[in-house]
Structure formats: C-alpha cells, structure tokens
Amino acid sequence: MFLSTYRNWPERLRMTDRITEKVLDLIAAVKRLPRESLSTESTFAELGLDSLDAINLIFEIESEFDISVPDEQAKSITSVRQLIESLQKLLAEPGTAGGAA
C-alpha cells in the first residue's frame, strides 16, 4: 500500500513545480512585475492585485490550463499559495483537462 501511494511521487512533484512556475509567470505578466519578486508566500494584496487584476489572472489561468474556475472559488483566493493549491485540486478532478490526462 505504501509503495502504491507514493509510486508517482516524483511525477507529482514535477507537476506541482510546473504549475507553480506557470502561475508565477502569469502573475508577473498580468501585473508586469519582475518574476524574481514573486513568491508562493505572497498575498495578492502584497503584490498589488486588485479585483480587476484577479479577474484577468483567473482568465489567464483558465486559458492556460484549459479549466474553469468556479466563481465562488475564485473569489476566495487571496494568495499565490491558495491559487496554486486550488489549481492543483481542479486539475486533479476527473473531467478537467488535467484530470483527464
């Protein structure tokens, strides 16, 4: 049981790293911030993301990952870490682009 649970662990870590890097790249592009100034620990407030920026960011995320982020979920995201974690969950769901792969 233990081995089957962690058999794909390196692949999962690589996927998490790719998601994290892509999210940070998208935030940098939306806010026109230097990529190196962003961290997974940053809040949207610290980065100066207002509600319009957040909408644009969610649109870019949906387009990039071919998913749909529910409005209520999108409204509750206030940090880079929350965004990454929400995105990972959405991509893992069956029927989404990431979950179907």
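**A pocket and its neighbours**

Author: Helix 4 (51–65) and helix 5 (71–76) each supply at least two residues of the lining of the second largest pocket. This is a predicted model, where local features need pLDDT of at least 70, side-chain atom pairs count only at pLDDT 80 or more, and totals for chains, interfaces and linings use all residues. Residues are numbered from 1 along each chain as its sequence is written, and side-chain values use heavy atoms, with hydrogens and water left out.

Reader: What makes a stretch of the chain a helix, and how many helices are there?

Author: Helices are DSSP runs of H or I with at least four residues, strands are runs of E with at least two, and both are numbered from the N terminus. By that rule the chain has 7 helices and 0 strands, in the order α-α-α-α-α-α-α from the N terminus.

Reader: What makes a space count as a pocket?

Author: On a 1 Å grid over the protein atoms alone, a pocket is an open set of points with protein on both sides within 12 Å along at least five of seven lines, while a cavity is a set where a 1.4 Å probe fits but cannot get out. Lining residues have an atom within 4 Å of a point. The second largest pocket has 16 such residues, and Ala54, Ile55, Ile58, Ala74 and Lys75 lie nearest its centre. Helix 4 gives the most, with 7 residues.

Reader: How much space does the second largest pocket hold?

Author: About 280 Å³. A volume here is the space filled by probe spheres set on the grid points, which are joined across faces, edges and corners.

Reader: Why is Leu83 called buried?

Author: Buried means under 20% relative accessible area, exposed over 50%, and partly exposed in between, with a 1.4 Å probe and protein chains only. Leu83 has 2%, so it is buried. This residue lies in helix 6 (residues 80–92). Over the whole chain of 101 residues, buried residues make up 31%.

Reader: Which residues does Leu83 touch, leaving aside its neighbours within four places in sequence?

Author: Contact means heavy atoms within 4.5 Å. By that test Leu83 is in contact with Val23, Ile27, Phe44, Leu57, Ile58, Ile61 and Ile77. Phe44 is 39 residues from Leu83 along the chain, yet their C-alpha atoms are separated by 9.9 Å.

Reader: Is Asp71 buried or exposed, and how do you know?

Author: Its relative accessible area is 59%, and therefore Asp71 is exposed. Asp71 lies in helix 5. From Ile58 it is 13 residues away in sequence and 9.7 Å away in space, C-alpha to C-alpha.
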